[in-house]
Amino acid sequence: MAGPAPASCRTEAWRLRILYFAWVRQRVGVAEEAVSPPEAVRDVAGLVAWLAARSPGHASAFADPRQIRAAVNQDFATPDQAVAPGDEIAFFPPVTGG
Amino acid sequence: MPGPVVRVQEAGFDLAAEAARLTEGRTDIGGLASFVGLCRADDGLAALVLEHYPGMTERALARIAQEAWGRWPLTGCTVIHRVGRLVPGEPIVLVLTASAHRAAALDACAFLIDWLKTSAPFWKREEFADGASRWVAAKAEDDAAAARWAKPA
């Protein structure tokens with residue numbers, strides 16, 4: 001059947017794969033999770049605010065947003081970058097390689 | 001001419017073997033610059049544990065190497081970064097750059113190590129002999145070192 005999907009289907013379709021690294025992973029307690037945020041979550045900053053409310057571990061990980069870096073689909077991303085269904089979004093501390 | 005070679009691996013590497021591999025059969029290389037980063041034993045450090053973001057790491061290193069390839073007239077480039085548990089004295093990272101003349105090789109080598117410290121998704125955790133452990137914090141001087149390579153607007 002043609003036409004837009006009913007709104008009730010959105011949460012099912014709007015799935016994001018979230019990855020955590022280094023101390024962000026340790027504080028959240030898992031290395032990755034699949035989430036279906038509400039429609040109001042449109043960008044990386046909105047996703048951070050929504051994730052921070054999921055558990056005390058998430059709240060601890062995202063307590064200081066200045067210490068968090070993000071990547072969307074394996075490219076570094078700024079807080080205002082849009083997120084879309086199916087995206088792989090990673091959160092981690094500033095990098096310390098080399 | 002072969003392009004940049006980028007590897008992320010747990011195993012060690014041999015500087016002489018990698019240099020020989022890069023220069024084998026070549027007669028167009030006049031200068032080969034190398035940088036090897038080693039695990040240093042600060043404050044009773046027992047080991048460094050390097051975590052990375054599989055997939056993104058390789059993409060980021062390839063992008064950084066390609067940037068160097070575009071900025072300088074390189075004829076060879078190898079970047080190897082180790083992950084996992086490393087003890088003091090072990091090599092962590094290798095950068096090799098080759099060019100017809102020394103300036104391009106030396107500058108590109110410095111650029112690569114400065115950029116990969118700030119632009120590739122690796123994280124170091126320090127383990128100490130007494131069992132304590134802490135994540136290494138990013139350094140402002142590393143950002144400053146990377147920023148000196150920013151292209152003029």
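**Figure 1. Polar contacts across the interface of chain A and chain B.** In this predicted model, 13 residue pairs are in polar contact across the interface, with both partners at pLDDT 80 or more. A polar contact here is a pair of N or O atoms within 3.5 Å, where one must be able to donate a hydrogen and the other to accept it, and residues adjacent in sequence count only if both atoms are side-chain atoms. Residues are numbered from 1 along each chain as its sequence is written, and chains are lettered from A in the order in which they are written. Local features need pLDDT of at least 70, side-chain atom pairs count only at pLDDT 80 or more, totals for chains and interfaces use all residues, and side-chain values use heavy atoms, leaving out hydrogens and water.

**Figure 2. A salt bridge between D75(A) and R59(B).** Look for the two side chains meeting at 3.1 Å, N to O. Three salt bridges (a side-chain nitrogen of Lys or Arg within 4 Å of a carboxyl oxygen of Asp or Glu) are counted between chain A and chain B.

**Figure 3. The contact surface between the chains.** Here 20 residues of chain A touch 26 residues of chain B, with contact meaning heavy atoms within 4.5 Å. Together the chains bury about 1800 Å², 57% of it on carbon and sulfur atoms; this is accessible area (1.4 Å probe) lost on being put together, summed over both parts. In chain A, Q74(A), T96(A) and G98(A) lose the most area to chain B, together 36% of what that side buries.

Note on methods
Buried area = accessible area lost by both parts, 1.4 Å probe.
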